[in-house]
Amino acid sequence: MFLGGQAVSLFGDGLAVLAVPLLVLQLTRSPVAATLAAAPRTVGYLLVGLVAGPVVDRVDPWPLMIAMDALRLVSFTAMFALAEAGALPVWAVLVLAFAAGGAGVFFESALMVAVKDVFAAGALVRVNALLELAGQVARVAGPAAVGLLAVTVGVPSALLANAATFGVSLVTLLAVRRTRAVGTRVVGTRAAAGRTDGAVAARFAAGARRMAGELRDGLRYIRATRVLLAITLVQVVCNFVLGAEKLVVFFLRDTLALGPAAVSAVVVAGGLGGVLGALVAPRLAAWLGEMRVIVGGIAVLGVAFALVGVAGELPAVGVTVGVSYGVMLCAQTAAGVVNRSMRLRIVPRELTGRVFSMTRLAFGGVDPAGAAVAGVLTGALGGDPRAVFVAAGVIVTATAVTARATALRPRA
């Protein structure tokens, strides 16, 4: 029931990926607004990513997940109602989308703790693979469902469908929680009634200092754990470089002059590659070992990304690019599933929220910067990103190989 509810919720995320930007484009032609509408989760991590970790580590994750699902349900329902009433300004869409995105950040961090609580260490790869599989399927089926709903009953209906998925997740969480006796991890005491303003301010300052100390504890743990630090640094470098992936659709449509059907086919091939990566991750981890899957997957995705750039010079361009892109996302997904599972197994339960949110903030924070750099370089090259793709692929593969030969080499 727990995993099924989260699979439905992930499908809702797939709906929101396209529904919110389309709604904004109906209201305005502003490229800034459209860009913001396409990245509510990224903005959410930048706004609340650091706060989410300490909060998740100090409270029972189950009520927090329930509250965040309720907030997302209300946000998308309100967006639908206002759109249907013709009273939805762009700023309201963005505020509600960012509220849902911030709630999603808290939810994801709490979900990692809940997964660690519910499942044994030996099942973490399989469980994370199932969740990732649901997410990858949602990335293919969600936008397709939005397109169908948009041409039949209108874009706002996709928002209502999205709200319904969070309702399903909420109901399953409530049902599962009733069957579990999970101890609350709240630290500290409630403020006494009748506090003076000075006492409240002092308490707030003390809470801020305590949260800063908890964040430092999480950072110290990352720095002190050799494997965790090395993998985090590798991912930060790779995520920055792989910001160039945001140019794939531009490359297909503008540089290679492929038609919409061919562009869609390549994107679908990437989605199918992600599905395959989630399916094979548990078997690969059992066969090759976790570290080989993580480092090898990163190296393979680097090679495949370089081939995306080279494929523009080869016959059957669309097929070649589609296969390369599919292999890239397959390797990326498999490495990500195993990496997340290894983190959950290594990190102590009381630090899981902080470590997860801090590393996700680092990964997510460099991605927009990497995309901006890739865009600038592509402009300097006359609008052709092929050289950018090849260079990015080489850097990613070299980073993985170097890390394996140094910080991630097997101990004697």
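Reply: A contact here means heavy atoms within 4.5 Å. Keep that cut-off in mind for I298. The model is predicted.

Start with I298. Leaving out residues up to four places away in sequence, I298 touches V234, C238, A335, V396 and A400. I298 also belongs to the largest nonpolar core, which has 48 residues. I298 is among the residues with the most contacts inside that core, along with L252, F305, V321 and F389.

Which elements give two or more residues to this core? They are α6 (124-152), α9 (226-241), α10, α11 (260-288), α12 (290-310), α13 (317-346) and α15 (386-405). A second, separate core has 29 residues, including A103, L111, M112 and L131.

Now follow L252 into its helix. Helix α10 spans residues 248-255, and its buried residues are V248, F251 and L252. Seen down the axis of α10, these buried residues fall within an arc of 95 degrees, so they line one face of the helix. After α10 comes A257, with a positive phi near 55 degrees.

Step back to the protein chain. Its secondary structure comes to 15 helices and zero strands. Of its 412 residues, 49% are buried. Take the contacts between residues at least 6 apart in sequence: 87% of them join residues at least 24 apart.

Note on methods. Residues numbered from 1 in each chain as written. Predicted model: local features only at pLDDT ≥ 70, side-chain atom pairs only at ≥ 80, totals over all residues. Heavy atoms only, no water. Buried < 20%, exposed > 50% of the residue type's maximum accessible area, 1.4 Å probe, protein only. Helix = DSSP H or I, 4+ residues; strand = E, 2+ residues; numbered from the N terminus. Arc of directions from axis to C-beta. Core = buried A, V, L, I, M, F, W, Y, C linked by side-chain atoms within 4.5 Å.
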